[in-house]
Amino acid sequence: SKSLVWFRRDLRAFDHAALHHALRCSQQVFCVFVYDTDILDGLPRDDRRLRFIHASLASLDEELRRLGGYLIVRHGSARDEVLALANELGVDAVHTCADYEPLAIARDTDVAQQLAAQGRAFHSYKDQVIFEKDEVLTLAGQPYSVFTPYKNAWLKRLAAHPETLAAYPIDAYAHAFAPPASAPALPALEDIGFESGEPPLPAGMEGAEALFEAFVEDIADYGRARDFPAEDGTSRLSTHLRFGTTSIRHLVRTARQLMLSGAGGTGASVWLSELIWRDFYAMVLSQNPHVVERSFKPAFDAVQWDIGPDADALFAAWCEGRTGYPLVDAAMVQLNTTGFMHNRLRMVTASFLTKDLGIDWRRGERYFALKLNDYELASNNGGWQWAASTGCDAQPWFRIFNPVTQSTRFDARGEFIRRYLPQLAKLDGKQVHAPWLVKPEVLAERGVVLGQDYPAPVVDHDAARRRTLERFAVVKKAV
Ligand code: FAD
C-alpha cells in the first residue's frame with residue numbers, strides 16, 4: 001500500500017508519530033509539506049517565520065534523503081494540494097500529526113471527508129503534546145481550569161504511563177520510503193512571494209538540538225536565571241516546539257532524567273513545569289474553543305475595555321515601544337526587531353497594555369501573533385488571558401504589575417533596557433527605570449531630553465491602576 005505523510009508543524013524526521021506509523025504500515029511512503037496560502041496570504045512578505053520554515057524544510061529534506069526518501073513541497077491551499085497529491089500519487093492513506101487549533105481541526109475534518117469520498121483513509125496521531133485534552137482530567141472526569149492540580153495529575157499520569165515518552169523510531173522502517181527519482185528542488189522563498197534571508201534563530205533539527213544541548217549544560221540554574229531578561233537563562237526552544245523541529249517527548253524525557261538523577265538540580269523540574277504549561281494551554285484551547293474570541297470566564301466578558309479617542313494612539317505607542325516606560329518599550333523593541341520576547345516581559349507588556357492602558361487583550365494578542373517567531377494560538381491566548389485576568393488560573397484582577405517595580409526587580413542594572421533603548425544608555429542603574437523622575441538637567445547631562453529623545457510616560461500608573469480596579473468592579477458584581 002502507498003501512504004502520504006503530511007507535515008505541518010512537525011518538521012523533523014525523528015521521533016515522529018505520523019511518519020513512524022505510515023512507514024510501518026505501508027510499502028511506499030511519500031512526504032509532503034504545503035506552504036498554505038490560507039495561512040500565508042495574511043502575512044507580511046518579510047515574515048521571519050517563513051525563513052525559519054524554509055531553512056527547516058531544507059534540513060528535513062536532507063534528512064529524509066539520507067533515509068532514502070525525499071520531501072515534496074507545494075504552494076497553495078493545503079487542503080486542495082493534499083487532496084490533489086493524494087490522487088496523483090494514488091495513495092491509500094494520508095497520515096498526519098494532530099493539530100488542535102480550531103481552524104486546523106475544521107480543515108482536517110474537511111480533508112478527511114474528501115479523502116473518504118475518494119476511498120482513501122486519513123489518520124491523525126498525537127505528537128505535539130504529551131497528553132491530549134481528555135487524558136488528564138479531574139477525578140470527576142472534568143477538565144482542569146487551574147494549572148497546579150493539572151500539573152500534579154499530569155505528572156501522576158506520566159509516572160503511571162512512562163511509555164508515553166517512548167520515541168517513535170524511523171530508521172528501522174526507512175526501507176518503505178519512496179525513493180527520490182525525479183524530485184524537483186525545494187522552492188525558494190521568492191518563488192512563493194516571500195523575501196529570503198537568514199532565519200531568526202538556527203533552524204531545523206540540528207538548530208534545535210544545538211540549543212537544547214547548550215541549555216542542558218546550565219539547566220540547574222534555570223529556576224533563577226529564567227526571570228532575568230538580560231540573561232540568556234531560558235532554552236529559546238519555543239520556535240522549535242512551534243514548528244516541531246524538536247520532539248516534545250525527547251525534551252520531557254531528558255528533563256525527567258535530569259530531574260530523577262539529580263543532575264539537573266532544581267532547574268530541571270522548573271523547566272519541566274514550563275513544558276507542562278504548554279500542554280495545559282493546548283488542553284484549555286481544545287476543551288474551550290470559545291477562548292479564541294472570548295474570555296475563558298464568561299463573567300469577564302462584561303469588562304469594558306477603553307474605546308476612547310486615545311485608545312488607537314496608545315495602542316500604537318505600545319506596539320512601537322513609545323510608552324515612556326523603559327522596560328515595556330525595550331521589550332517591544334526586542335519583539336519588533338527579533339521576533340522574540342522574554343517570558344517575564346511578555347507578562348509585563350501584556351499587563352501594561354490591559355491594566356495600564358485599558359486596551360482589550362485581543363488587540364495585544366493579535367499583535368503578538370503577527371510578530372512572535374514562536375507564536376502559537378494556545379499559549380499566546382493563555383498568556384494574554386492570564387495577564388488580562390480573564391483566563392483560567394488568572395492572577396486575581398486586583399493584582400496589577402507595577403512596570404517600574406518589575407523593572408527594578410528583573411532588570412536591576414538596566415542592562416536589558418540599555419541593549420534595546422540605546423538612547424537611554426548613559427542613564428545609571430536607578431535612573432533608567434523611570435526617567436521622568438530624574439531632574440531634566442541631570443537627564444540632559446546624559447543626553448536625554450524627555451519628549452524629544454525618549455517619550456514622557458503616556459499614562460500615570462497609579463491613576464491607571466485605579467481605573468482598572470473600577471473597570472473590573474463589574475466582574476466583582478457578576479461573580
Ligand atoms: P523556556 O523558559 O525555555 O521554556 C521551555 C518551553 O516551555 C517553551 O519553549 C514553551 O514551549 C514552554 N513554555 C514556557 N512558558 C510557557 C507558558 N507560560 N505557557 C506555555 N508554554 C510555556 N509561548 C509560545 O510558545 N508561543 C506564544 O505565542 C506565546 N505567547 C505568550 C504570550 C504571553 C502574553 C505570555 C505571558 C506568554 C506567552 N508564551 C508563549 C509563553 C512563554 O513566554 C514562551 O513560551 C517563552 O518565553 C519561550 O521562551 P523559551 O523557549 O526560551 O522558554
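I started with Ala93 and looked up its bridge partner in β5, which turns out to be Ala121. Strand β4 (residues 93–97) runs parallel to β5, and five bridges join the two. I note that helices (H or I, at least four residues) and strands (E, at least two) are DSSP runs, numbered from the N terminus. Two strands count as paired if DSSP finds at least two bridges between them.

This is a predicted model, where local features need pLDDT of at least 70 and side-chain atom pairs count only at pLDDT 80 or more, while totals for chains, interfaces and linings use all residues. Residues are numbered from 1 along each chain, as its sequence is written.

Next, the sheet. I read its order as β3-β2-β1-β4-β5, an open sheet of five strands with parallel pairing.

Helix α4 (residues 78–89) lies across β1 (2–7), β2 (28–36), β3 and β4, and runs at about 155° to β2. Helix α5 (residues 102–117) touches β4 and β5, and its direction makes about 150° with that of β5. For these angles, axes are lines fitted to C-alpha atoms, for helices over the stretch in contact, and values run from 0 to 180 degrees between N-to-C directions. Contact means that C-beta atoms, placed from the backbone, lie within 7 Å.

The assignment, automatic or from a database, gives domain 1 (2–127), domain 2 (129–166 + 205–287) and domain 3 (298–478). The C-alpha centres of domain 1 and domain 3 are 39 Å apart. Their contact takes five residues from domain 1 and four residues from domain 3.

Last, the ligand. Which residues come nearest to it? Of the 28 residues around the ligand, I found Thr234, Ser235, Ser238, Asn380 and Gly383 nearest; a residue is near if its C-beta atom, placed from the backbone, lies within 6 Å. α9 (238–243), α11 (267–287), α14 (343–356) and α16 (377–388) each supply at least two residues of this shell, and α16 gives the most, with six residues. Domain 2 and domain 3 each provide at least three residues of the shell.

Notes
Contact = placed C-beta atoms within 7 Å.
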